[in-house]
Amino acid sequence: MPLYNTHHIKLYNTLSGEKEIFQPITEGYVGMYVCGPTVYSNVHLGNVRTFMSFDMIFRYLKHLGYKVRYVRNITDAGHLENDADVGEDKITKKARLEAIEPMEIVQRYTVDFHNVLTTFNFLPPSIEPTATGHIIEQIELIQSIIDNGFGYTVNGSVYFDVHKYNESNEYGILSKRKLEDLIHNTRALDGQSDKKNPQDFALWKKAEPTHIMRWPSPWSDGFPGWHLECTAMSTKYLGDYFDIHGGGMDLKFPHHECEIAQNQASKGQALVKYWMHANMLELNGARMSKSTGNYINPAELLSGDNDIMSKAYNPSVIRFFMMQASYRSVLDLTDDGLAAAEKGFHRLMDAISLMANLKTNSSSSFNVSEWKQKCYDAMNDDFNTPILIATLFEAVKFINQIKDGSASVTPEDLAILKETIDAFVFDVLGLVNISKESTGSDKLTGAVEILINLRKEARLNKDFALSDKIRNELAEAGIQLNDSREGTTFTTN
Ligand code: AMP
Ligand code: ZN
């Protein structure tokens, strides 16, 4: 019997503004779509946090036995500067600045994105479609929106008629905005735009002669609007009405609002049952963002090569730090926070290592079944990872007490403890045991890390003789150092 029969998740649905019991449209199956990155630059840690929240959700749904089809797209066309309907395509702009092909930009940053996610131990999505691979689907979608009277063409571009749509539907249903307020708050058209109303949004844009990324369509040689790709790709792979749609908070309006309107206007039905929004990662108390320059890239944090943190952090420590906050809370990235997470993470890993050699007894002084249920209760309450971690630390305390003889455990309870910790720590939270990864010896890991740091210092001082000596002598002792952009790791023979 799958676990989902006995474990019922309550999740916060942005659409209703309430926690609801999660009931998939088809029993046992979950369709989940998450808006992926626009691949015009390296992802920053804020982007990573949003995708990590949904990776954790994907992992827990799978753990409960659901068959999950997780679709996360790559935006490689149509996303204009300032998330607006005018301006240059973000990817084309970068390509122009670097004097290379837009598709070279796409390739470079898609590879970077995948490398980062692999470093943080993400599970790959089931399907990762691209906007440029689904131009035909997008053209078909626009055609049906026009046929249903919700789209209009001006000078080769097509716009969504928000006012017409709002007569029979509710534009703003997700973000709780009212069209009247939007009208009130937007400045009048300056006569430059083809739109009937400023609230309308582009479905298809006619390409200027200089615009490189263009495709033929019934209306013009041009390119699709940014909001369109997600409606086209999500419904292609998950059906016209699917279970979960996720993304960062900042995408709620207008992006997700427009996705809903496009589906309603073309198919006459709602797009999604549960809308989920992950909250923002901050740096220095302000939202991490490429455009304001207030961001840190994963490589800088992992190598320690930055002016913000005192040292390098391991990807699992960063993951643990992120999981200590609810996905719905704002999280501030600080050196103190990461240092505290590092300590907590190692306490957890040490306890896990201890579990292998614990003595068992004829009775347990801790109710392991009740504790296990508490782990599930935490996750079933809108994926509450901070409560889960606090509960895991009850077990850490218990394990340490067994070790020092002040608590006892039966073999059966120890087996449940081990199995549950493994499931939540490694499968659900997606952490990796660093010491297990290398040699199993914490002391050796610590010693080699000291040498790695000494070598880093030597290299910074341009003392390459010393840095080579450290590397070569470690190699002779059977310890290989592996340098990468993310920092130095080691393996042993
Ligand atoms: P983009 O490539 O800009 O479309 O962003 C990709 C994803 O990262 C979107 O889901 C954004 O909501 C999310 N995102 C951007 N900035 C942050 C941040 N500071 N914290 C968390 N998520 C973010
Ligand atoms: Zn999207």
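Which helix gives the most to the shell around ligand 1? In this predicted model, in which local features require pLDDT of at least 70, side-chain atom pairs count only at pLDDT 80 or more and totals for chains, interfaces and linings use all residues, helix α1 (residues 45–63) gives the most, with four residues. Residues are numbered from 1 along each chain as its sequence is written, chains are lettered from A and ligands numbered from 1 in the order in which they are written, and side-chain values use heavy atoms, with hydrogens and water left out. Helices (H or I, at least four residues) and strands (E, at least two) are DSSP runs numbered from the N terminus.

Ligand 1 is surrounded by 15 residues, of which G46, T50, D250, L281 and M288 are the closest; a residue is near a molecule or strand if one of its heavy atoms lies within 4 Å of it. The shell consists of six nonpolar, seven polar and two charged residues (Ala, Val, Leu, Ile, Met, Phe, Trp, Tyr, Cys and Pro count as nonpolar, Asp, Glu, Lys and Arg as charged, and the others, Gly among them, as polar). A polar backbone atom of T38 is 3.0 Å from an oxygen atom of ligand 1, and a backbone N or O atom of G248 lies 3.2 Å from an oxygen atom of the ligand. A nitrogen atom of ligand 1 lies 3.0 Å from a backbone N or O atom of G46. The protein buries 90% of the 490 Å² that ligand 1 exposes when taken alone (Shrake-Rupley method, 1.4 Å probe; for residues, only the protein chains shown count as cover).

The zinc ion (ligand 2) is coordinated by C35 (SG), C230 (SG) and H255 (NE2) at 2.0 to 2.2 Å. Donors are N, O and S atoms within 2.8 Å of the metal (3.2 Å for Na, K and Ca); water is not among the atoms, so sites may look incomplete. The donor residues follow the spacing C-x194-C-x24-H. C35 lies in the loop between β3 (29–34) and α1, whereas C230 lies in helix α7 (residues 226–238), so the pair ties together parts 195 residues apart in sequence. Both C35 and C230 are buried (under 20% relative accessible area; exposed is over 50%, partly exposed in between, with a 1.4 Å probe and protein chains only).

Backbone features were also examined. The peptide bond from F253 to P254 is cis, with omega near 0°, and P254 lies in helix α8 (residues 252–267). D382, in the loop between α12 (368–380) and α13 (385–403), has a positive phi of about 55° although it is not a glycine.

How values were computed
Polar contact = N/O pair within 3.5 Å; in protein donor to acceptor, adjacent residues only side chain to side chain.
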